[in-house]
Amino acid sequence: SVQETKEQYLSILWARFQELACYVLECLTKYGICAIDKFLGEATGQEILKEVLQLRAAGIMRQGQLVHGPSSSRNKYIRGDMITWVDESEPQAENIQYLISCMDAVVVQVASKLEAYTINERTKAMVACYPGHRTKYVRHVDNPNRDGRCITCIYYLNKNWDVKQHGGLLRIYPEGSDQVANIEPKFDRLLFFWSDRRNPHEVEPAYVERFAITVWYYDAEERAEALKRFRAQSDVANLKKQAVPLNNKPDSRWRPSQ
Ligand SMILES: Cc1cc(NC(=O)CCC(=O)O)nc(C)c1Br
Ligand SMILES: [Fe+3]
């Protein structure tokens, strides 16, 4: 029956994410960075890209705001990305939500083996589009001041990306090492890295549209500390980055296209 097939499918998916989680844990522990290729497969990746293009066509993407400071024309030379936040209430974003449930399924398993962190919350998904024409993101640290975010998770949606022609390379400069990690924003690639000062990174100018979906995972303790601090400073900006609980299993909406 479809029900049995669905259960079978989800258990295979869950087993695959368990395997992936072991590799992600080892890689993160060793290098602080981990890339997984062909995370969801061509068909699902295509469905997710379609939804992102619809979001952009609907004109709901806004110039990426700097975390601090007024928005001015200078911004686009600091970060050229156009972004929108997506959560489970977003209509027409079923495949993006499925992606997030799969990211959660991997992170829940990685987190269960990470003594250093307790990860039980994340941000909503930030869908970003670099419109091309040399837009970039200057070198920065995602979480320089202990705002609670411990793992950055980025899913790339760019088909046949060629850095030589299209630019848009993500360069990570792991702290304390002279090695630079050059990450191509390849279609259906999932990237994890520690969000704190261990991983300063930048996006080189992109010459064609470059799409990515980012989720940040919170460490419960660091997040609680930050909320106490921010409440004191009543820093609304940071409180805006609501935390949502993780899905603890892949989304039950089965995809026959698998
Ligand atoms: C909104 C926001 C986006 C990003 N994105 C990247 O670093 C680009 C990664 C890539 O697309 O390869 N980083 C921070 C600290 C904030 Br805030
Ligand atoms: Fe970043």
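Arginine 171 has asparagine 182, in strand 9, as its bridge partner. The two strands concerned, strand 8 (residues 170–172) and strand 9, pair in the antiparallel sense over 3 bridges. This is a predicted model, with a mean pLDDT of 88 for the chain and 85% of the residues at 70 or more. Its scores are ipTM 0.93 and pTM 0.89. Where pLDDT is low, the predicted coordinates should not be read in detail.

Which residues hold the iron ion (ligand 2)? The iron ion (ligand 2) is coordinated by His140 through NE2, Asp142 through OD and His201 through NE2, at 2.1 to 2.2 Å. Along the chain these donors follow the spacing H-x1-D-x58-H. Histidine 140 belongs to strand 6 (residues 135–140) and histidine 201 to strand 11 (residues 201–206), and this pair, 61 residues apart, links distant parts of the chain. Both histidine 140 and histidine 201 are buried.

Side chains of opposite charge can pair when their charged atoms come close. The structure holds 12 salt bridges, including those in the table.

| Salt bridge | N to O distance |
|---|---|
| Arginine 146 and glutamate 222 | 3.6 Å |
| Aspartate 147 and arginine 149 | 2.8 Å |
| Glutamate 204 and arginine 171 | 4.0 Å |

The salt bridge of arginine 146 and glutamate 222 joins the loop between strand 6 and strand 7 (149–156), where arginine 146 lies, to helix 6 (residues 220–233), where glutamate 222 lies, so the pair ties together parts that are 76 residues apart in sequence. Glutamate 222 is buried, because its relative accessible area is 9% and buried means under 20%. Aspartate 147 and arginine 149 are both buried as well.

Arginine 171 also forms a salt bridge with glutamate 204; since glutamate 204 lies in strand 11 and arginine 171 in strand 8, this pair ties together parts that are 33 residues apart in sequence. Glutamate 204 counts as partly exposed at 27% relative accessibility, and arginine 171 is partly exposed with a relative accessible area of 22%.

Elsewhere in the chain, helix 4 (residues 94–113) has 20 residues and reaches 29 Å from its first C-alpha to its last, which is close to the 28 Å expected at 1.5 Å a residue. Helix 4 is mostly covered, with 16 of its 20 residues buried.

Conventions
Residues numbered from 1 in each chain as written. Chains lettered and ligands numbered in written order. Predicted model: local features only at pLDDT ≥ 70, side-chain atom pairs only at ≥ 80, totals over all residues. Heavy atoms only, no water. Donors = N, O, S within 2.8 Å, 3.2 Å for Na, K, Ca; no water. Helix = DSSP H or I, 4+ residues; strand = E, 2+ residues; numbered from the N terminus. Buried < 20%, exposed > 50% of the residue type's maximum accessible area, 1.4 Å probe, protein only. Expected span 1.5 Å × (residues − 1). Pairing = 2+ DSSP bridges. pLDDT = per-residue confidence, 0-100. Salt bridge = Lys/Arg side-chain N within 4 Å of Asp/Glu carboxyl O.
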